[in-house]
Amino acid sequence: VTTSKRKQASVVEMLEYVKGLDIDPIKEADMLWIAEEAFNAALPPGWSEHQDEEGRIYFHSGATGESVWRHPMDDLFREIVEYQR
């Protein structure tokens, strides 16, 4: 049996994430599926997820040594939002 691991988020966390992708959760409710897919997107090869001492999530690329606060795939999902508009 294969089960996909889905991250759990509070309503507030998900709402912030939706807004972070520039989706209006009221006027663009038909695009919320994009935010859900983005929230659960796998990391690209070589990237890992970490938590800092304050509990904030960040992402690190082992290949380049770069660390970022946003999921490395977020820009792609923003492009999908723009395309769907």
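The model is predicted. In it, Arg70 and Asp74 form a salt bridge in which the closest N and O atoms are 3.5 Å apart.

**Salt bridges**

- The count of salt bridges comes to seven.
- Another salt bridge joins Asp75 to Arg78, with 3.0 Å between the closest N and O atoms.
- Asp75 and Arg78 both belong to helix α3, which covers residues 74-84. They are three residues apart there, so about one helical turn separates them.
- Asp75 is exposed, with a relative accessible area of 53%, while Arg78 is buried, with a value of 17%.
- Asp75 and Arg78 are also linked with Asp22 in a network of salt bridges.
- Arg85 and Glu82 meet through their side chains in a further salt bridge, at 2.5 Å from N to O. Arg85 counts as partly exposed, at 45% relative accessibility.

**The strand pair**

- Strand β1 (residues 47-51) pairs with strand β2 (residues 57-61) in the antiparallel sense, over five bridges.
- Within this pairing, Glu49 has Phe59 of β2 as its bridge partner.
- The hairpin of β1 and β2 has five residues between the strands. In this hairpin, Gly55 takes a positive phi near 85°.
- As a general point, side chains in a regular strand alternate between the two faces of the sheet.

**The largest pocket**

- The largest pocket holds about 520 Å³ of space.
- Its lining consists of 15 residues. Those nearest the centre of the pocket are Tyr17, Phe39, Ile57, Phe59 and Trp69.
- At least two lining residues come from each of α1 (11-20), α2 (32-39) and β2.
- Which element gives the most to the lining of the largest pocket? Helix α1 does, with four residues.
- Sorted by class, the lining has six nonpolar, three polar and six charged residues.

Note on methods. Residues are numbered from 1 along each chain as its sequence is written. This is a predicted model: local features need pLDDT of at least 70, side-chain atom pairs count only at pLDDT 80 or more; totals for chains, interfaces and linings use all residues. Side-chain values use heavy atoms; hydrogens and water are left out. Two strands pair if DSSP finds at least two bridges between them. A salt bridge is a side-chain nitrogen of Lys or Arg within 4 Å of a carboxyl oxygen of Asp or Glu. Buried means under 20% relative accessible area, exposed over 50%, partly exposed in between (1.4 Å probe, protein chains only). On a 1 Å grid over the protein atoms alone, a cavity is a set of points where a 1.4 Å probe fits but cannot get out, and a pocket is an open set with protein on both sides within 12 Å along at least five of seven lines; lining residues have an atom within 4 Å of a point. Grid points are joined across faces, edges and corners, and a volume is the space filled by probe spheres set on the points. Ala, Val, Leu, Ile, Met, Phe, Trp, Tyr, Cys and Pro count as nonpolar, Asp, Glu, Lys and Arg as charged, and the others, Gly among them, as polar.
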